[in-house]
Structure formats: C-alpha cells, structure tokens
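Please work through each task before reading its solution.

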There are 2 protein chains.
Amino acid sequence: MATDGRIVVACCQIAPVFGDPTANREIVAAAIRGAVVLGATVVVLPELATSGYVFADRAEALAAAETADGPSLALWHSLASDHRVVIVGGFCELDPNGELRNSAAIVDHDGLRAVYRKAHLWDAERLIFTPGDASPPVVETAAGRISAMICYDLEFPEWVRVAALAGAQLLCAPVNWPACPRPVGERPAEVVRVQANAAVNRMYVAACDRVGPERGVDWVGGSVIVDADGWPLAGGEASADAMTLTSGCRLGEAADKGIGGLSDTHADRRPELYGSIVE
Amino acid sequence: MATDGRIVVACCQIAPVFGDPTANREIVAAAIRGAVVLGATVVVLPELATSGYVFADRAEALAAAETADGPSLALWHSLASDHRVVIVGGFCELDPNGELRNSAAIVDHDGLRAVYRKAHLWDAERLIFTPGDASPPVVETAAGRISAMICYDLEFPEWVRVAALAGAQLLCAPVNWPACPRPVGERPAEVVRVQANAAVNRMYVAACDRVGPERGVDWVGGSVIVDADGWPLAGGEASADAMTLTSGCRLGEAADKGIGGLSDTHADRRPELYGSIVE
C-alpha cells in the first residue's frame with residue numbers, strides 16, 4: 001500500500017473456457033500476473049471463472065465443480081502468496097454437503113479467507129445451484145476491508161446494504177452479465193446500478209464481468225470500478241474484449257459516510273421505519 | 001387514459017419565488033395548465049414548491065408554511081378537478097400539531113388524497129423541519145397506483161422498496177437537488193440513483209426538480225421520468241431552465257416484476273436474510 005493509502009484494484013475481464021477448469025486455471029494465472037504488473041494489490045475475477053456459466057443441467061455443473069480445497073483455489077492461494085495480492089473470484093463449488101454452489105472466494109497470502117455463496121440466483125441458476133443463506137463476508141485484508149457478492153445479488157440494494165453496514169470499504173463482485181438491449185447512448189443498466197449501490201453507501205465497488213460468447217449467450221463485458229461517490233474510475237462501457245482494468249482507490253475514504261453538511265449515508269437511515277421490507 | 005393504458009406524466013421544473021406562497025400559486029397554476037395542454041394526466045411539482053427552500057431559520061419557514069387545508073392545496077385541488085389530473089407536489093406544511101414539515105401532497109379531483117412528510121431530512125433541514133414517521137402512501141388514482149416521497153428519501157433504497165412493495169406503479173418525487181460537481185460527461189448522480197431505484201423495483205419514477213438560484217444555492221435542474229427498466233424517457237440532464245417534461249407511460253407494466261426467464265425483482269428477494277438492515 002502506498003503511503004497515501006492508495007491501492008490499485010484490478011478487474012480481470014477474461015473469457016473462461018466452458019467446462020474446462022484446467023484451462024481456466026491457466027487463463028486466470030496469466031490474468032493475475034498481468035494485473036500484478038500493473039500494480040494491483042486486489043484482483044477481481046468473474047463469476048464462475050473456473051467453469052464457465054451456461055450449464056445445460058446439474059450434471060454438467062457437477063462435472064466442472066471443485067471443492068474450496070481443490071486445485072483452482074490452491075492455485076489462487078499460491079498466486080496471492082507469491083504476489084502479495086488479494087484475489088476475489090467466482091468458482092463453481094461442490095460444498096462439503098455435496099451441494100452445488102455459485103460461490104466466490106476471498107484469498108490472500110494467508111490462504112482462503114472466506115467463501116461466499118450466491119444468495120440470489122438468476123433465472124435458471126436456481127435449477128442447478130443451491131442458494132447461500134449467509135451474509136456477504138467482510139474480510140480485513142492488507143488492502144482494506146473487502147466484501148464479496150455475486151452478479152444478481154447486486155440487484156438487491158438490501159444485500160449491498162448488509163455488506164456496507166458490516167464495514168466493507170470495497171465490495172468485489174464477480175459477475176457474468178448477459179447482454180441485453182439498451183437505448184442508444186446509455187451505459188449498461190448493470191453499471192448504473194453498481195454506481196447507485198456505491199454512492200448510497202459511500203463504498204467502492206469493483207464488478208468484474210466476463211467476455212467470450214458461450215453456447216449462444218453473449219455478455220455485457222462491462223467490468224467497472226467505481227469510487228465511493230459512485231463515479232466510474234475505470235470501465236463501465238460494454239466491450240467484447242478480454243482486458244484488465246485497474247484504478248487507484250483510497251479505500252479509507254469509504255470509512256467516512258458524510259456527504260456534505262450534516263448528512264451521512266448511513267447515520268441518516270431510519271431503520272425503525274423499514275420493517276415491511278423484511279417481512 | 002388512452003385505451004392502451006398509456007398516460008402522460010409531466011414534471012413541471014419551475015423556479016419558485018422564495019418565501020412568497022402567493023406568487024408560487026400563480027407559477028404552479030400556469031405550469032399545470034401548460035402540462036395539461038401537453039396531455040398530462042399526472043403532474044409532478046418540485047419539493048417545497050409553495051415556499052422555496054433556502055430558509056435561514058425556523059421562523060422563516062414558519063412564515064411561508066401553510067396547513068394542508070390552506071390556499072395552495074385548495075388551488076391544487078381546484079386545478080386537479082378542472083383538468084382531471086393528479087397533482088403531486090411539495091409544500092411547506094404547518095401540521096395540525098404545529099410542527100413544520102417538508103411535505104408532499106397527492107391531490108386529484110376528489111381532493112387531497114394523501115399527505116406524505118419527508119422522513120429523511122437533508123443537511124440543515126433537520127434544524128427546521130420535523131421528520132415524518134409514516135411510510136410513503138400508495139394512492140389508487142384514475143391514472144394508476146401512485147406513491148410519493150421527497151428528494152433525499154430517494155437515496156435510501158429501503159424507502160423506495162417500501163413504496164414499491166406496497167404496490168406503487170409510479171413513484172412521484174418532488175425534489176430540490178442542490179448542484180454539485182460531477183465528472184465531465186456524467187449524468188447527474190441523483191438521476192443515476194433514480195434509474196437504479198426504478199429498475200430494481202420495475203416501477204416508474206418521476207422526479208421533479210427546480211431551477212432558479214436561491215440565496216447562492218444552485219440546482220441540478222435534472223428532472224427525469226424513467227420507465228420500469230430504469231431508462232430515462234424524458235429529462236435527466238442538468239439544466240438551468242424552467243421547463244415541463246412529459247412522457248407517455250404505461251403504468252400497468254409496473255405490475256409485472258418479471259425481468260426475464262425465471263427472475264422477478266420482488267419474488268427473488270430474500271427478506272429473511274435482510275434482518276441487519278432494520279436493526
């Protein structure tokens with residue numbers, strides 16, 4: 001970390017190979033090494049970066065799944081240790097109870113710090129994966145307090161709030177945003193929602209998307225790093241290209257929820273009035 | 001309402017005269033008549049449209065305040081009745097208990113349908129007004145199910161969710177957005193958050209801002225009408241000009257929370273996991 005508290009966050013917008021964890025380990029390793037060259041100390045990978053996304057059924061997902069102590073996360077730990085980086089990436093998990101999970105790992109030089117299991121499953125994912133029931137973790141790392149959630153989770157501002165109230169300074173979100181139409185000149189809608197999530201919580205957000213058409217599905221390719229005011233620092237435009245985005249981030253700014261005068265994004269909440277949203 | 005369920009929503013981005021409710025009645029009446037000529041059946045006015053915003057102290061606000069049965073809302077009822085429109089506007093309220101409130105009225109040909117009192121007070125407003133403790137109302141009107149909240153309320157996605165879960169198809173938000181710097185090429189941040197609020201709830205939102213510098217404070221002038229996918233239909237760019245924006249809206253679309261495949265913005269929520277945000 002630089003003396004001014006500035007760290008470099010990277011999103012590795014890669015094109016995973018469907019159903020081939022071995023190939024994806026190589027792709028991820030190359031991408032992380034590239035991010036390190038760019039100065040990154042936090043590296044975010046897409047959702048299901050070990051396996052690809054468009055599973056026809058549960059059996060296909062099971063064939064590509066790994067446990068959290070499997071070879072992909074072992075590699076990520078090795079890379080985190082060699083390069084002193086924090087890695088947040090999505091993987092297709094076979095959990096200790098034999099359930100398939102759409103998961104994200106937070107790994108640093110100490111090893112696997114947390115596994116998060118996607119709580120809000122998009123579309124047909126619910127036919128394949130078991131949803132998680134645990135809150136997004138907030139992990140104290142050398143780079144700052146980092147949380148993780150996955151793709152569709154970001155569409156539920158309640159869930160983002162849970163992470164922010166628990167002290168996250170940077171929310172890392174592995175995503176696979178399927179491409180869909182938008183009006184000419186408009187930024188991808190998913191990016192707009194990331195901006196709002198960041199601003200209303202005074203929290204940095206780094207969402208790492210993927211590219212590479214898979215079984216007829218195309219992707220936004222809209223990886224974005226936004227600051228605590230919700231402004232994009234890097235990315236946020238649709239792209240078909242694999243790339244690594246980086247930006248300097250002063251995560252300490254996220255500790256101050258003040259937004260001018262007497263106003264404060266968290267202290268001004270009225271939780272006693274929000275009962276109907278948890279019924 | 002047209003046979004296809006399309007109604008016209010208008011935002012009257014006016015420049016109120018500070019501390020002059022009489023002058024503001026004339027400005028509002030002219031603006032509403034102009035919106036009616038454009039086909040509007042729902043007309044949204046700014047926050048504190050009766051009084052202006054930049055009060056030095058409580059005494060100044062008290063001098064410009066009216067009760068809900070005062071002359072401004074009586075005029076709004078008369079206009080709503082004459083033109084068969086629904087009016088949602090902000091007013092400086094002296095409530096029945098003698099408290100000052102930053103309020104919004106929903107008025108139609110039947111009269112005053114609801115008074116909403118701003119629950120999240122921005123900056124120094126808290127030194128002048130008493131915050132409301134009641135949820136945003138959802139009123140069944142000839143145009144559709146309409147809710148209201150005010151300006152800074154929109155920065156709390158929990159509060160928007162309360163209105164949406166209660167069945168709002170169109171959230172009307174009187175606002176006074178103070179101008180602040182933003183990166184070149186970026187849409188005003190307040191508009192970005194309106195877009196996100198709409199999209200994650202599949203609900204239309206019409207935010208009506210003001211113009212006209214007041215005691216050194218300038219405004220975004222970013223009134224915007226967004227559809228249930230969060231795309232701006234009209235407005236959303238900063239402007240110093242008074243204007244009336246209109247757009248056709250099919251509010252019935254907001255009854256369908258489906259967003260493709262098996263996904264649904266409301267049914268996919270996991271309220272049992274959101275407990276920490278109401279503590």
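**Exercise 1.** Determine whether R187(B) and E186(A) are buried or exposed, and describe how they pair.

*Solution.* Step 1: R187(B) and E186(A) are both buried, where buried means under 20% relative accessible area, exposed over 50%, and partly exposed in between (1.4 Å probe, protein chains only). Step 2: the two residues form a salt bridge whose closest N and O atoms are 2.9 Å apart; the term denotes a side-chain nitrogen of Lys or Arg within 4 Å of a carboxyl oxygen of Asp or Glu. Step 3: this pair crosses between chains, since R187(B) lies in the loop between β8 (170-174) and α5 of chain B, and E186(A) in the loop between β8 (170-174) and α5 of chain A. Helices (H or I, at least four residues) and strands (E, at least two) are DSSP runs, numbered from the N terminus.

The model is predicted: local features need pLDDT of at least 70, side-chain atom pairs count only at pLDDT 80 or more, and totals for chains, interfaces and linings use all residues. Residues are numbered from 1 along each chain as its sequence is written, chains are lettered from A and ligands numbered from 1 in the order in which they are written, and side-chain values use heavy atoms, without hydrogens and water.

**Exercise 2.** Describe the interface of chain B and chain A by its contacts, area and polar pairs.

*Solution.* Step 1: 51 residues of chain B are in contact (heavy atoms within 4.5 Å) with 51 residues of chain A. Step 2: about 4,400 Å² is buried between the chains, with carbon and sulfur atoms giving 61%; buried area is the accessible area (1.4 Å probe) that two parts lose on being put together, summed over both. Step 3: there are 10 salt bridges between the chains, including that of E158(A) with R269(B), at 2.9 Å between the closest N and O atoms. Step 4: on the side of chain B that touches chain A, α4 (157-165) and α5 (189-199) of chain B each supply at least two residues. Step 5: the rule finds 28 residue pairs in polar contact across the interface (both at pLDDT 80 or more). Such a contact is a pair of N or O atoms within 3.5 Å; within protein, one must be able to donate a hydrogen and the other to accept it, and residues adjacent in sequence count only if both atoms are side-chain atoms.

**Exercise 3.** State which parts of chain A are tied together by E66(A) and R25(A).

*Solution.* Step 1: E66(A) and R25(A) form a salt bridge, with their closest N and O atoms 3.1 Å apart. Step 2: E66(A) is in the loop between α2 (58-64) and α3 (71-83) of chain A, while R25(A) is in helix α1 (residues 21-37) of chain A, so the pair ties together parts 41 residues apart in sequence. Step 3: E66(A) and R25(A) are both buried.

**Exercise 4.** Find what surrounds D95(A) and R117(A).

*Solution.* Step 1: D95(A) lies in the loop between β3 (86-94) and β4 (100-108) of chain A and is buried, at 4% relative accessible area. Step 2: leaving aside neighbours within four places in sequence, D95(A) is in contact with R101(A) and R117(A). Step 3: the side chains of D95(A) and R101(A) are joined by a polar contact of 2.9 Å. Step 4: R117(A) meets E93(A) in a salt bridge (2.6 Å, N to O).
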